[in-house]
Amino acid sequence: MATAARKAPAKSKSDGKMGLSAPKPAEFTKDEELAAYRHMLLIRRFEEKAGQLYGMGFIGGFCHLYIGQEAVVTGMKMALIQGDQMITAYRDHGHMLAMELSPRGVMAELTGRRGGLSRGKGGSMHMFSKEKHFYGGHGIVGAQVSLGTGLAFANRYRDNNNVSLTYFGDGAANQGQVYESFNMASLWKLPVIYIIENNRYAMGTSVSRSSAETDFSHRGASFKIPGLQVDGMDVRAVKAAGDLATEWCRAGNGPLILEMQTYRYRGHSMSDPAKYRSKEEVQKMRSEHDPIEQVKARLIEKKWATEDELKTVDKEVRDIVADAAEFAQNDAEPDPSELWTDIVL
Amino acid sequence: MPIEILMPALSPTMEEGNLSKWLKNEGDKVVAGDVIAEIETDKATMEVEAVDEGTLAKIVVPAGTEGVKVNAVIAVLAVDGEDVDKAGEGIGEEPPKAETAAPAPAAAKSEASAPVAAAPRTEIAADPDIPAGTEMVSTTVREALRDAMAEEMRRDGDVFVMGEEVAEYQGAYKITQGLLQEFGPRRVVDTPITEHGFAGVGVGAAMAGLKPIVEFMTFNFAMQAIDQIINSAAKTLYMSGGQMGAPIVFRGPNGAAARVAAQHSQCYAAWYSHIPGLKVVMPYTAADAKGLLKAAIRDPNPVIFLENEILYGHSFDVPKLDDFVLPIGKARIHKTGKDVTIVSFGIGMTYAIKAEAELRGMGIDAEIIDLRTIRPLDLDTVIASVKKTNRLIVVEEGYPQSSVGDHIANQVSQRAFDFLDAPVITIAGKDVPMPYAANLEKLALPNVGEVIEAVKAVTYR
């Protein structure tokens, strides 16, 4: 799939895909399947624990869980090289775990403690790690799209072969600055992959009620940015699309849009009862398309792992999450002097 | 150990709720993600999902119970291998369980009512000495700004300038004249007309370590971009616990030009001065424009650099030095005096200077302070002057409510009340959108007469 971009020259079609077509799901090795299973499970268990700690009052304010969407960040991470950047909005815990930020640091930030990644001053929606090339964690819908385009601008300025993975949702896809950014990214051939995580609901408004064009892979058409629709519940499909997109960007072709068709099982935030969709709809996604169950089924079917071996993975993941939760509940709150630090350098 | 399932808080403000329905019965197997109950919060009916796997051993709070406190035990889960019958023993029988399970972050409550220590003070260095015999070159503000950018771009390859018409057109107000020719299109970047977008691109590039100079054709258009300036540029250093900031300069003409009416004529000094995380610079002279723009480009924080179209063509002496950098956050005493202090900044200085000349003829010796930087504000210099003159006038072109002058008057009344022999008078633009008609525009701006009248009032002449 890495060569697909080159195989498909500018045979511009009227479908907005500019001659590109979605690659077949990647063929995973046993190690890749197991790694994907473990990484997605870590996100799932972490988020469930975060939900629980929210319920206990340890986490305050807004808390947006990533449960159901794990394959998107996991598959994309598998396509990255050292130095590639990631930026997203406020449903960001999964992205941080995928970028290998410490579960303790993330959870302690959720509880607002001094051991948190932002020393307790950012919270669920605002975390960063320059070291791990994770640029946030942004609370304003759509703002991260211009910022992520700026990261790509820096890559191009430095001519460093890195790519900016700029994530946003179907809701943010209607913000004006997204299109301002598309225009500049295409004009200047910036290495940015716009990953639209279409989980079908912008808070409580379904895509059909908020978007005139619901095929988000077409959203770059006015800017000559090709786009692909990807099964965002299948980590292999995401990985294949990620390989194609990173290759496309590194070859100097400019930006690319990947519409990840995904689903969030929980409400928009912890305080959203999600009455705008039926229980059957949620249940159907969970039972038929769950990203983790898909990998699990393949592992068992191919006899690459037994139920017991997977239980061991589950146990190890639970232990990591339990340790993070334990740390996050017992770590001290920030020193009051922190109120005045980090305002200006 | 059996796992206690607690009444969850499901909104930022919820303290208790009603347990409306159980969807699992005692003895049922439960896996993570199963909906086990429904509760009514202060806002909505919410589902409670299981986090752990096991068997629902005991329902402690029956369906239909109202006013269940957050964190009360509502059920008990027996995990693999545990005796379901015994798991729930002794739980739920002692009623005040809810209080003992209260979460930790209660410290905030006791701290909140105590007075909070003030921000630590940072000392700002004085202006560098200009060696005797340094040649002074008459330079326009326009040339000084251009020279500052060119010098910094020569010095640091990470510095680049972007904005509308900055490159091929040579700048809408010719501030970037010649930069494209010297530095090429990689570092002098023409953008589409897309303020919100390119401000964000600039901030993203700064987060990645570059040092952008973002030119707004005028600061009126920066309102399109103000979310990126405030929410992304100014706040990220704090929200990241100091890991990552945005070394970026937003610059361009600010304030009223001439006859361009309401949407193109307003001063943003007070607006941006409100925001922690920003520095706000507004020079008057060419020397200050040059020295402070160089400092702004080197500053690791986002700096708002407010210029003025009318001042672009004014000439001032600029010292001919290889590297003339001035400190951000330090006011300049433009003229010493003993009878009254006139504080101003930017184009406001033109009124102060003309008024001072006339006042001298009336035998009034006024001290003029040019703030140069609006944030951080050099109140020490202002207060030291007030302690000497006992009278204070502030002059600016911005709107009067919540103006820079209002803030200074407030601070002086708190820190030097006993030294004041008269109320502080703030002179600002009138509280109206800028009119187009020549005569009305003149009326809307401050004028020299107002400054003179104010000085006469506070000196009781």
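In this predicted model, A:Asp342 sits in the segment that follows α12 of chain A. Its phi is positive, about 65°, although A:Asp342 is not a glycine. Most residues other than glycine have a negative phi. A:Asp342 is also buried, because 20 other C-beta atoms lie within 10 Å and 20 or more count as buried.

B:Glu165 is a residue other than glycine, and its phi is positive, near 65°. B:Glu165 is found in the loop between β10 (159–163) and α5 (179–183) of chain B.

Most peptide bonds are trans. In chain A, a cis peptide bond links A:Gly136 to A:Gly137, with omega of about 25°. A:Gly137 belongs to the loop between α5 and α6 of chain A. In chain B, the bond between B:Arg375 and B:Pro376 is cis, and its omega is about 0°. B:Pro376 lies in the loop between β20 (373–375) and α12 (379–389) of chain B.

Helix α5 of chain A covers residues 103–110. All counted, 8 of its 8 residues are buried, so the helix is largely enclosed by the rest of the structure. The buried residues include A:Pro103, A:Val106, A:Met107 and A:Leu110. A:Arg104 and A:Glu109 are also among them. Just past the end of α5(A), A:Gly112 adopts a positive phi of about 70°.

The two chains meet through 52 residues of chain A and 58 residues of chain B. On the side of chain A that touches chain B, α2 (30–55), α6 (143–158) and α7 (176–187) each supply at least two residues. Helix α6(A) gives the most, with 10 residues. By type, this side of chain A divides into 22 nonpolar, 22 polar and 8 charged residues.

Within chain B, one helix pair was examined. Helix α4 (residues 141–155) packs against helix α10 (residues 286–298) at an angle of about 25°, and their axes are 8 Å apart. Angles under 35 degrees count as roughly parallel, so α4(B) is roughly parallel to α10(B). The crossing of α4(B) past α10(B) is right-handed. On the α4(B) side, the contact includes B:Val141, B:Ala144, B:Leu145 and B:Met149. B:Asp147, B:Glu151 and B:Glu152 of α4(B) take part too. They meet residues of α10(B), among them B:Ala289, B:Lys290, B:Leu293, B:Lys294 and B:Ile297. The contact of α4(B) with α10(B) holds 9 nonpolar, no polar and 5 charged residues.

Database annotations cover a span in each chain. For chain A, an unreviewed UniProt entry lists "domain: Dehydrogenase E1 component" at residues 39–336. That span of chain A is 45% helix and 10% strand. Its end C-alpha atoms lie 36 Å apart. For chain B, UniProt places "domain: Lipoyl-binding", again from an unreviewed entry, at residues 2–78. Residues 2–78 of chain B are 0% helix and 53% strand. The end C-alpha atoms of this chain B span are 5 Å apart.

Note on methods. Residues are numbered from 1 along each chain as its sequence is written. Chains are lettered from A and ligands numbered from 1 in the order in which they are written. This is a predicted model: local features need pLDDT of at least 70, side-chain atom pairs count only at pLDDT 80 or more; totals for chains, interfaces and linings use all residues. Two residues are in contact if their C-beta atoms, placed from the backbone, lie within 7 Å. Helices (H or I, at least four residues) and strands (E, at least two) are DSSP runs, numbered from the N terminus. Ala, Val, Leu, Ile, Met, Phe, Trp, Tyr, Cys and Pro count as nonpolar, Asp, Glu, Lys and Arg as charged, and the others, Gly among them, as polar. UniProt positions are given in the numbering used here, feature names are shortened, and annotations may be inferred rather than shown by experiment. A residue is buried if 20 or more other C-beta atoms lie within 10 Å of its own, exposed if 12 or fewer, and partly exposed in between; C-beta atoms are placed from the backbone. Axes are lines fitted to C-alpha atoms, for helices over the stretch in contact, and angles run from 0 to 180 degrees between N-to-C directions. Angles under 35 degrees count as roughly parallel, over 145 as roughly antiparallel, 65 to 115 as roughly perpendicular and the rest as oblique. A crossing is left-handed if the near helix is turned anticlockwise from the far one by less than a right angle, and right-handed if clockwise.
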